[in-house]
Amino acid sequence: MKKILLAIRIKDWWNAIIVPVIAFYFIGLQYSIGPIEISTILKVFYLLFLSISTASFGFYLNELTDIQEDTKAGKKNHVIDIPESKRLITLIIILLFCIMTSIPFWSNTKIIVLLLVQMILLSVYSCPPIRLKKSPYIAVILDSLYSGTIFFVIALLYSDAVLSSQILIFTITFGLCRGLRNIIFHIDKDIKIDEKAGQKTIAHITSSEKLYQLQSVLFILEIAFLLFILIPISRYTLYIFVLGLIILFVKWSFYKYYTKDKFFNKKKWLGEINT
């Protein structure tokens with residue numbers, strides 16, 4: 001069981017998937033009409049199980065199809081630890097879990113369509129012969145879509161929010177900026193591992209400095225579009241935003257002081273906010 005949990009990267013669920021998805025569900029509740037009831041709040045658990053099952057499928061499929069390249073690069077692959085006879089069975093069980101957790105959503109056509117798109121993107125990203133993971137530019141776009149953007153929209157739709165097209169556009173743009181920033185950071189960090197595996201990424205096409213500049217721009221856009229989403233539902237959003245900036249500044253100041261660097265390590269700082 002432990003090997004399977006490592007293969008589906010359970011440690012990555014919390015910061016990267018669960019918290020943001022649940023957050024967008026409750027943002028959606030603020031846009032809904034009428035009082036918020038206990039039953040409405042409890043519905044978040046259906047969304048929680050769906051996001052966990054889908055993430056498990058994506059992570060496991062990626063590990064399963066990466067065995068050859070990870071072995072070549074000397075990178076740890078947790079599916080290798082699972083006996084070959086059980087690898088396909090494990091994938092089928094995860095797929096069944098995905099189907100079971102999607103049952104509460106079957107009455108919502110829009111959510112089911114988005115969920116199918118999510119599963120298709122995860123598959124064409126990892127599985128040969130298509131394996132779009134091999135394409136430097138398409139790979140980062142697909143990752144930014146399935147790593148959060150689609151589920152943010154699903155969370156809003158599931159909350160029965162009364163949404164304008166403007167809010168949906170802001171949400172999609174926020175998700176894309178967040179997803180792009182995350183994947184670019186990890187690609188830049190794993191450049192040597194990808195070289196050993198024979199994988200060409202945008203880190204091999206663009207300089208590290210330019211990638212850092214792109215991450216910085218994406219981070220600013222990410223914050224801006226999140227504010228656009230939150231400001232209509234709370235007049236306190238700007239105050240919270242200013243408080244967040246103060247906290248980030250204090251964190252940076254302490255980091256700079258204790259490391260005794262003349263300038264803070266930009267890549268490490270960006271890495272800390274890549275969640």
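Leaving aside neighbours within four places in sequence, Val21 is in contact with Leu47, Phe151, Phe152 and Ala155, where contact means heavy atoms within 4.5 Å. The structure is a predicted model, in which local features need pLDDT of at least 70 and side-chain atom pairs count only at pLDDT 80 or more, while totals for chains, interfaces and linings use all residues. Residues are numbered from 1 along each chain as its sequence is written, and side-chain values use heavy atoms, with hydrogens and water left out.

Val21 also belongs to the largest nonpolar core, which has 46 residues; Val21, Phe24, Tyr25, Leu47, Phe57 and Phe105 touch the most other members. A nonpolar core is here a set of buried Ala, Val, Leu, Ile, Met, Phe, Trp, Tyr and Cys residues joined through side-chain atoms within 4.5 Å; buried means under 20% relative accessible area, exposed over 50%, and partly exposed in between, with a 1.4 Å probe and protein chains only. Two or more residues of this core come from each of helix H2 (13–31), helix H4 (44–65), H6, helix H7 (109–126), helix H8 (136–158), helix H9 (165–189) and helix H12 (208–230). H8 gives the largest share, 10 residues. A second, separate core comprises nine residues, among them Ile183, Ala203, Leu211 and Leu218. In soluble globular proteins, nonpolar side chains tend to be buried together.

The secondary structure consists of 14 helices and zero strands; both are DSSP runs numbered from the N terminus, helices (H or I) having at least four residues and strands (E) at least two. Of the 275 residues in the protein, 42% are buried. Among contacts between residues at least 6 apart in sequence, 72% join residues at least 24 apart.

Helix H6 (residues 84–102) has 19 residues and should span 27 Å at 1.5 Å a residue, which agrees with the 28 Å between its end C-alpha atoms. The expected span is 1.5 Å times one less than the number of residues. The buried residues of H6 are Arg87, Thr90, Leu91, Ile94, Cys98, Thr101 and Ser102. They lie on the same side of H6 because they cover an arc of only 110° around the axis, the arc being that of the directions from the helix axis to the C-beta atoms.

Cys98 counts as buried because its relative accessibility is 8%, whereas Cys127, at 25%, counts as partly exposed. Zero disulfides are found in the whole structure, a disulfide being a pair of cysteine sulfur atoms within 2.5 Å.

Phe185, in helix H9, is buried with a relative accessible area of 14%. Its C-alpha atom is separated by 7.4 Å from that of Gln215, 30 residues apart along the chain.

Most residues other than glycine have a negative phi, and most peptide bonds are trans. In the loop between H7 and H8, which contains Pro129, the peptide bond from Pro128 to Pro129 is cis, with omega near 5°. Arg131, in the loop between H7 and H8, has a positive phi of about 40° and is buried at 9% relative accessibility. Asp160, in the loop between H8 and H9, has a positive phi near 60° and is exposed, with a relative accessible area of 52%.
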